[in-house]
Amino acid sequence: MKDYSLNKRKYIIGGFITLLVLIYVVRLFNLQVADDRYKQNAMSNAFLRRVIYPARGLMYDRNGRLLVFNQPAYDVMLIPKDIGKDFDTLALCETLGLTIDDFHQKWAEMKDPRRNPGYSSYTPQKLISHLSQEDYGRLQEKLYMFPGFFVQKRTVRQYSSPAAANILGNIREVSAKDVEKDDYYRAGDYTGDLGIEKSYETVLRGQKGVEILMKDAHGRIKGRYENGIHDEAPISGQNLTLSIDMDLQEYGERLMAGKIGAIVAIEPKTGEVLCLVTSPNYDPSLLVGKQRGRNYAELVRNPYKPLYDRAIQGAYPPGSTFKPTQGLIFLQEGVVTTSTVYPCYRGYVNGLRVGCHAHGSPIPLKPALGTSCNAYFCWGFKNMIDKRGSTPSKQFEKWKNYIVEMGYGYKLGIDLPSESRGFIPNSEFYSSSFRGANWSGNSIISVSIGQGEVLATPLQIANLCATIANRGWFYTPHVVKSIQGGALDSIYTARRAPHIKREYYNDVAEGMRMAVLGGTCRGANLPGIEVAGKTGTAQNPHGKDHSAFMGFAPYNDPKIAVAVYVENAGFGAAYGVPIGSLIMEKYLNGEISEGRKHVEERMLNSNTIVSSGVKKH
């Protein structure tokens with residue numbers, strides 16, 4: 001009779017053996033193929049794969065002046081497994097000028113998985129960064145005493161000028177998040193932080209190389225493996241030519257010394273940024289070397305916020321520099337013609353009052369721009385928003401869309417990190433603000449003169465000026481002119497044009513020219529240069545008003561468009577106009593004429609920080 005229980009046992013035992021074989025095969029596969037830890041450990045006993053860091057790309061200004069270059073730096077590296085049991089900690093500390101406590105702290109940080117998630121006792125780890133030349137020399141002489149230690153050569157940044165820190169940026173040691181996001185990095189590497197260094201990191205950093213060195217049984221380096229035929233040479237980062245004119249940048253920073261604000265100058269025909277000044281600023285060399293952390297902390301604590309790039313991050317009420325946008329929209333929408341006049345009884349009076357200074361009345365568009373008449377733009381805005389046959393909500397959305405096309409309300413897309421979008425409200429914002437109640441042009445009339453809820457960056461104001469200078473188009477502003485062996489992103493080579501007729505830009509430009517010839521911008525009337533401009537005095541509920549200006553020159557062949565914004569400096573003509581005119585004159589003529597030296601001297605020596613309300617420490 002057949003024994004079925006015996007057959008069952010046979011299958012069970014066979015299945016168990018098969019399972020054991022499968023587990024064994026899978027484990028072998030993991031050990032030999034999938035998991036390379038043991039292979040790495042075995043390799044590390046005989047070989048050292050030493051990373052060769054590439055030279056970071058250089059930066060030049062538009063005239064070929066070298067701005068950012070490299071200098072050698074040395075890091076102390078070690079392979080924990082190769083350190084002998086009788087390692088003389090005290091001798092190493094004396095060689096490097098460290099205390100025993102400092103050494104143990106650095107060792108703990110190196111092994112901390114939060115700080116160094118890639119730690120392995122078999123792979124090179126960084127102990128100390130930025131050795132001085134003296135420390136490097138002493139260590140090289142005694143390195144034979146410290147098995148498992150070696151010196152890793154890399155480069156750090158050096159600057160030819162103390163200016164333009166907000167544009168150039170700096171480099172810092174990578175964080176755990178950086179390593180996690182990009183497998184190019186390993187703990188101890190450096191990456192761009194702020195400015196161009198950050199936005200063009202993948203272009204500037206290059207490609208790492210590697211050299212394979214043989215080690216003896218005691219972990220001592222015996223030479224290159226097979227004469228280096230397996231080594232990989234590093235590839236240097238690509239050089240950048242910036243659109244910045246460094247002489248103009250330095251001049252702008254001197255003019256803004258003692259002031260809080262920004263200057264932005266653009267070449268209208270290309271969108272290339274000629275200078276991008278934020279004030280107060282700082283020397284970029286402060287963020288290089290061993291003192292980087294301490295200096296960075298001091299900059300963060302500084303009450304004047306020098307790390308805050310007001311040129312692209314500062315969101316301000318544009319004030320009367322916003323009026324040209326209103327004139328363009330009114331003309332395009334048929335709200336006014338160049339001959340349409342509105343009354344001004346020392347301001348807009350229509351159930352409420354918006355004040356204005358003395359000038360002729362009634363007044364048409366071009367003289368209204370020249371004299372910066374508030375009433376004219378209030379009446380035009382009211383008549384557009386309260387158009388019969390439509391609703392304020394629909395009309396305001398139409399208005400807003402024009403404003404957005406002109407570069408407001410959203411990031412322009414400059415090739416620098418942390419750009420602000422400013423703020424342009426939409427109709428839903430007001431419907432919510434008024435809690436569903438009816439609202440009209442009168443309800444939000446301050447928007448028409450660049451006040452109320454409207455906020456803009458100095459970059460956006462300068463871009464509007466460049467658009468008017470071009471009579472109706474612009475390129476996205478950018479600070480990199482060219483990339484060695486590469487091309488700019490297409491966003492910087494494609495024209496952008498609001499849906500407004502060119503003839504209306506001509507009309508607005510004429511009004512801005514009138515402002516310089518006999519209106520609020522008379523201080524920008526340069527000898528031998530036809531300038532068009534617009535002042536702005538932005539009301540500030542927290543203190544003294546802000547002084548603003550935008551202008552371009554020459555009138556018929558624009559080479560520069562500039563915006564100036566000085567916080568707590570009063571009327572636009574007080575600081576915005578003279579600083580803007582000096583920037584234009586300096587760029588176009590290379591020097592300031594004798595008849596205007598007194599203006600230059602006054603701006604260089606004036607101080608408006610005292611009106612900012614920021615306490616000095």
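The model is predicted: local features need pLDDT of at least 70 and side-chain atom pairs pLDDT 80 or more, while totals for chains, interfaces and linings use all residues. Residues are numbered from 1 along each chain as its sequence is written, and side-chain values use heavy atoms, without hydrogens and water.

A nonpolar core is a set of buried Ala, Val, Leu, Ile, Met, Phe, Trp, Tyr and Cys residues joined through side-chain atoms within 4.5 Å; buried means under 20% relative accessible area and exposed over 50%, with a 1.4 Å probe and protein chains only.

| Core | Size | Residues, including |
|---|---|---|
| Largest | 94 residues | Ile196, Leu240, Trp399, Phe552 (most contacts inside it) |
| Another, apart from it | 32 residues | Leu255, Ala265, Leu274, Val577 |

Beyond four places in sequence, Trp399 touches Phe322, Gln326, Ile329, Phe381, Met384, Ile385, Ile424 and Val447 (contact: heavy atoms within 4.5 Å).

In helix α11 (residues 292–301), Arg292, Asn295 and Leu299 are buried. These residues lie on the same side of α11 because they cover an arc of only 70° around the axis, taken from the directions from the helix axis to the C-beta atoms. Arg294, Val300 and Arg301 are exposed on the other side. The cover over the buried residues includes β6 (170–173) and β7 (190–193).

The lining of the largest cavity divides into 7 nonpolar, 2 polar and 6 charged residues. Strand β5 (residues 149–159) gives the largest share of that lining, 4 residues.

How values were computed:
Helices (H or I, at least four residues) and strands (E, at least two) are DSSP runs, numbered from the N terminus. Ala, Val, Leu, Ile, Met, Phe, Trp, Tyr, Cys and Pro count as nonpolar, Asp, Glu, Lys and Arg as charged, and the others, Gly among them, as polar.
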